[in-house]
Amino acid sequence: MHERSSVAGLVDRLRQELDRYSPGGKLPSSRALVERFRVSPVTVSRALAQLAAEGLVVTRPGAGAFRAAARPASPAATAGDTSWQEVVLSAEGAADLVPRSVDASGVLVSLAAPAPGVIEFNGGYLHPSLQPERAMAAALSRAGRRPGAWGRPPVEGLSELREWFARSIGGAVTAAGVLITAGGQSALTTALRALAPLGAPVLVESPTYPGMLAVARAAGLRPVPVPVDADGVRPELLADAFRATGARIFVCQPLFQNPTGAVLAPERRGEVLRIAREAGAFVVEDDFVRRLVHEDAGPLPRPLAADDPDGVVVHVCSLTKATSPSFRVSALAAHGPVLERLRAIQIVDTFFVPRPLQEAALELVGSPAWPRHLRSVSAELRVRRDAMTAALRLRLPELALPHVPAGGYHLWLRLPDGTGGTSQAFGPGGESALTVAALRAGVAVTPGRPYFSAEPPAPQLRLSFAAVAGTGEITEGVRRLRAACDEVLEQAGRGRRRFT
C-alpha cells in the first residue's frame, strides 16, 4: 500500500479508538502501534502528527502521545452576508479592457488528485515511482547542513545555481542574466506582468497550455491565438498576428509543445526571432520539458535563447517536471534592460526562493544520481509512450493521433466529429460527454477545450502517460476509455435516431 494511503488508514483507525482514552490518557507507544498495525515507524509518526494537527492528541518528546483535552464548545457562528463582495469585485474591474476574474479550472485538471481507483491520464507530473525521491531526500539533507543554508539568499538566487542554469541554456547566456524563481508558473507570471500593460494583447500558440492562458487573463491581458502545426508555430500567421494586434509578446513552447508535442522546425526558428524583432516584441520561451526527452529522440535543438544575441527571448526553464511537483526551482533568463524589470517584479512578489530549496537543487544536479535519474526517466517515458500508442491504435483506432512526440509526457488526440465522413462521430458536446463518461469508467482524461483561447477546430483529448504506475495501468486505462467511447457513441446514436 502506498505510504500516503497507509497514513490515512492509520489516522482513521486511531481516531475511532480515541474514545477509549480519557483526556490526558496515554496512547500506546510508537513501537506498539508499528507491531499492531504492521506499518512503518514513519507511517506512525505521520499519523500522530496529523492527529496532533487536528487537536486530537498531544505529543511530548520522550514521553509519548496523549489524548488531548476536549476543546470548549465555541458559540455558534453567525452566518454572515457576503453578497456585497459580488458588487465590489464586479465594480472593481468595470473599467478593465479585459476582465481580471481568474478561472483556474484548466489548471486544476492536471493538479487535482483523482479518486481512489481512477487511472490518472490527466496528470501533469511524474508518478512517484519515476521521481528521484531518494536523491531529493539526500540532497535536501545535505543542503540543510551546508554553512549558511538557512540564511537569506541573494534575491536573484544563489550564484552557483544561476551559473548551472546558464550553462544548461547555452549560447551567450551567463549567470548575470539568470534569476531563480519558484517554478515555471511563477516565472511566466513575472514575465507577462513585466512585458505588457493591462489590456494588451499577448500572442499565444493555439492550442497552448491552459495555465499560461489563465496567467495572461489574470494579469488583464488578452490572449490572441496563432495556430500550430506539426512543425510548431506558423511564421506567416505569427507575422500577421503581430501586424493585426500590435502585440509586443509571443509566448511559445518550441520543444515538445504542450499539448501537441510539436518541435519548432529548424527553418522556423530564425524566422520566429526575426518576425518578433521586426515587430519590436519579446518571445517568452517556455522550455518546460527539455529534461523529459525520450530515449529515441536524438540530438535536441538548442533553446531559442541560445541563438538570440539581441535580447528578444525571455527564457523560462524548470527542474519541477523532471523531479517532483513540490521541487519548485526554475530559472528566468533575459538579456538587456528588461532583466531589471523582471528582477524588480520578482522581488516585490516573492522576495526570493527559499535558500534550503536552492541549496538542495545544487546538491541534486551536482550528484551522480542526477544523470542516472534522467537516463532512467528517458527510457521509461519511451516505454510508456509506446505502450499508450499501441493500446490506442488497437482499441481506439477512430481517435486520430497525428503526432507521436519524442519528448514530454502526453499524447494529443482528435475525436471523430463527422467532418471527414466518419461513421462513428461525436456530436456537439462530445468532448465533455466523453470526459465525464471516462471518469465514470474509472479513467481521468483532459478535455481539449481549455487549451484554446478561441473556438477549437475539433473536439480533442490530452492523455498523459507519466502520472500512472506503469504500462499495466496504461493498458487498463485505454480499455476503460474504450468503454466510455462506446457509451457516448451509443447515446449519440440514440439521439440521432430520435430526430430522424
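## Thr 181 in strand E4

Thr 181 lies in strand E4, which covers residues 178-181. The structure is a predicted model. In this model Thr 181 has a relative accessible area of 1%. Buried means under 20% relative accessible area, so Thr 181 is buried.

What does the side chain of Thr 181 make a polar contact with? The partner is the side chain of Ser 330, at 2.3 Å.

## Leu 33 in helix H2

Leu 33 is placed in helix H2, residues 30-37. Its relative accessibility is 1%, and therefore Leu 33 counts as buried.

Leaving aside neighbours within four places in sequence, Leu 33 is in contact with Leu 14, Pro 28, Arg 38, Val 39 and Val 44. Leu 33 can also be placed relative to Leu 10: the two are 23 residues apart in sequence, and their C-alpha atoms are 9.4 Å apart in space.

## Helix H6 against helix H13

Helix H6 spans residues 133-144 and helix H13 spans residues 355-365. Their axes come within 8 Å and cross at roughly 120 degrees. That angle makes H6 oblique to H13. The crossing of the two helices is right-handed.

Which residues make the contact between H6 and H13? From H6 they are Ala 135, Met 136, Ala 139, Leu 140, Arg 142 and Ala 143. From H13 they are Pro 356, Glu 359, Ala 360, Glu 363 and Leu 364. Sorted by class, the contact of H6 with H13 has 8 nonpolar residues, 3 charged residues and no polar ones.

## Helix H7 against helix H13

Helix H13 also meets helix H7, which runs over residues 159-169. The axes of H7 and H13 come within 9 Å, crossing at roughly 50 degrees. H7 is therefore oblique to H13. Is the crossing of H7 and H13 left-handed or right-handed? H7 passes H13 in a left-handed crossing.

On the H7 side, Glu 160, Leu 161 and Trp 164 take part in the contact. They meet Gln 358, Ala 361, Leu 362 and Val 365 in H13. By class, the contact of H7 with H13 has 5 nonpolar, 1 polar and 1 charged residues.

Note on methods. Residues are numbered from 1 along each chain as its sequence is written. This is a predicted model: local features need pLDDT of at least 70, side-chain atom pairs count only at pLDDT 80 or more; totals for chains, interfaces and linings use all residues. Side-chain values use heavy atoms; hydrogens and water are left out. Axes are lines fitted to C-alpha atoms, for helices over the stretch in contact, and angles run from 0 to 180 degrees between N-to-C directions. Helices (H or I, at least four residues) and strands (E, at least two) are DSSP runs, numbered from the N terminus. Angles under 35 degrees count as roughly parallel, over 145 as roughly antiparallel, 65 to 115 as roughly perpendicular and the rest as oblique. A crossing is left-handed if the near helix is turned anticlockwise from the far one by less than a right angle, and right-handed if clockwise. Contact means heavy atoms within 4.5 Å. Ala, Val, Leu, Ile, Met, Phe, Trp, Tyr, Cys and Pro count as nonpolar, Asp, Glu, Lys and Arg as charged, and the others, Gly among them, as polar. Buried means under 20% relative accessible area, exposed over 50%, partly exposed in between (1.4 Å probe, protein chains only). A polar contact is a pair of N or O atoms within 3.5 Å; within protein, one must be able to donate a hydrogen and the other to accept it, and residues adjacent in sequence count only if both atoms are side-chain atoms.
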